[in-house]
Amino acid sequence: MAIQRPKGTQDHLPDGSPKLSLDTRAVAFQHVQDTARRVLERAGAQFLNTPVFEDPDLVKRGVGGSTDIVRKEMFTVYYFGDHGGFILRPEGTAGIVRAYLQNGLKQLPSPLKLWTHGPMFRAENVQKGRLRQFHQVDYEVLGSTDPLVDAEAISLMVDVVAALGLTGVRVKLGSIGDPADRDAYNAYLRELFGAHVERLSDDSKERLERNPMRILDSKSAGDQALIAELGVRPMLDFLGDEARAHFQAVQAYLTAWGVAYDIDPSIVRGLDYYRRTAWELHHEGVGAKSALGGGGRYDGLAEQLGGPLVPGIGWAFGIERLLIAMDAEGLDVPGQGGPLLYVAALDDVYVGHAATVAMKARQVARAEFAYRAVKPGNAFRDAERRGAQLVALIGSDEVARGVLSIKNLSTGVQSVVPAGDLHTFLAEATVPPSTYVQENA
Ligand code: AMP
């Protein structure tokens, strides 16, 4: 059998490919990226790219040594003669904060809004909506602790899903407080779960030591049963005055703007540098366990990476999951469409001439040509299959007269266009009626 793509990866394919689904359609990916670009750039976000592989320390410190991502899911890349290796990025935030620090972006007007999109890599158990190479749209704001920035970030996420036409999206909002609040909560959890260690999963026994909050995130059914039985108090009960005021301010903005949300006390982001606001967007089409996207404030991250204190907040959508949700709602994405002009030669000697005409047309429009001489009937069939609007057939007569005879496939109108007027004709082609001589009209 021919070589297959690695498990947990997808090809993004051109329209017309057999067995195409929305989340493998290349134009659908572009549509999501373009929609995000429109929404985010109107809000002042600037695009940046960072490498897909980074220093292992960046990922370990930026994502957290106690997470599944770092402990079990990192892809490492080596090249010949290299000993340390690199990590394929599992998420975008750490790389963006690194780029901010390394490139002196602090000098740009603050708060600085950045966005990117691209592939992320996690060696997860593969299932629908859970891939090993997936794609995210990422938005990050650096340099402000203002709750207005949090509310705006959440609202922009809602704007992106709305611009995609999605309606069944729910925002789940929580807060994980300041470090002291979290210490108090962790102490409470340690005592509570400490009395039932024998019932915790092995992973959660370890979490009890390192970071008890992550037990609440556990995928183990036994852990979840214990959590339900113990009636664990939520993190929100432990918010200090400042974190509580911040959380209330975020909610007040969202309410004022009409952005619907539910308070979800179960949202935990257990890493040290996460602060205060945390949220997720959910959609039935993606399943209750998996988020469409999520975000949080990470005021401690820049310091964690060895930089100065730079408060930050950000979110990421999984593009595949957005497309799965769109598919579930019956939403479609327009195809790329065909060329405006299709040029075919009726005789071998004019094939190069036909190519030249198409190439000249490309200065103003999409144009394609036939690579060998064709009969008129075949030329029209091929042009239709490609979705062309106009067909120019080139034979001895056209070449001798220095004209192009161009047929509009939707109206049937045939025009004779002096070769030098091609650009003008194409510019007008979508605005009938044409001023050119019409034959067989
Ligand atoms: P996270 O960085 O884990 O908060 O993920 C942010 C978003 O990325 C999630 O809400 C998903 O939409 C998407 N995502 C994360 N992991 C995967 C994966 N393995 N496959 C597909 N999408 C993912």
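This is a predicted model: local features need pLDDT of at least 70, side-chain atom pairs count only at pLDDT 80 or more; totals for chains, interfaces and linings use all residues.
View 1. Of the 14 residues around the ligand, the ones that come nearest are Arg122, Glu124, Leu131, Gln136 and Leu292.

View 2. The side chain of arginine 122 has an N or O atom that is 2.9 Å from an oxygen atom of the ligand, and a backbone N or O atom of glycine 318 lies 3.0 Å from an oxygen atom of the ligand. At glycine 129, a polar backbone atom is 3.4 Å from a nitrogen atom of the ligand. Taken alone, the ligand exposes 480 Å², and the protein buries 86% of that area.

**View 3. The buried residues of helix H15.** Helix H15 is formed by residues 422-429, and its buried residues are Leu422, Phe425, Leu426 and Ala429. When the helix is seen down its axis, these buried residues fall within an arc of 95°, and so they line one face of H15.

**View 4. What the buried residues of helix H15 pack against.** The buried residues of H15 pack against several elements, among them helix H12 (351-361) and strand S12 (341-345). Strand S14 (390-394), strand S15 (403-408) and strand S16 (414-418) are also packed against by the buried residues of H15.

Definitions and conventions: Residues are numbered from 1 along each chain as its sequence is written. Side-chain values use heavy atoms; hydrogens and water are left out. Buried means under 20% relative accessible area, exposed over 50%, partly exposed in between (1.4 Å probe, protein chains only). Helices (H or I, at least four residues) and strands (E, at least two) are DSSP runs, numbered from the N terminus. The arc is that of the directions from the helix axis to the C-beta atoms. Contact means heavy atoms within 4.5 Å. A residue is near a molecule or strand if one of its heavy atoms lies within 4 Å of it. A polar contact is a pair of N or O atoms within 3.5 Å; within protein, one must be able to donate a hydrogen and the other to accept it, and residues adjacent in sequence count only if both atoms are side-chain atoms. Accessible areas come from the Shrake-Rupley method with a 1.4 Å probe; for residues, only the protein chains shown count as cover.
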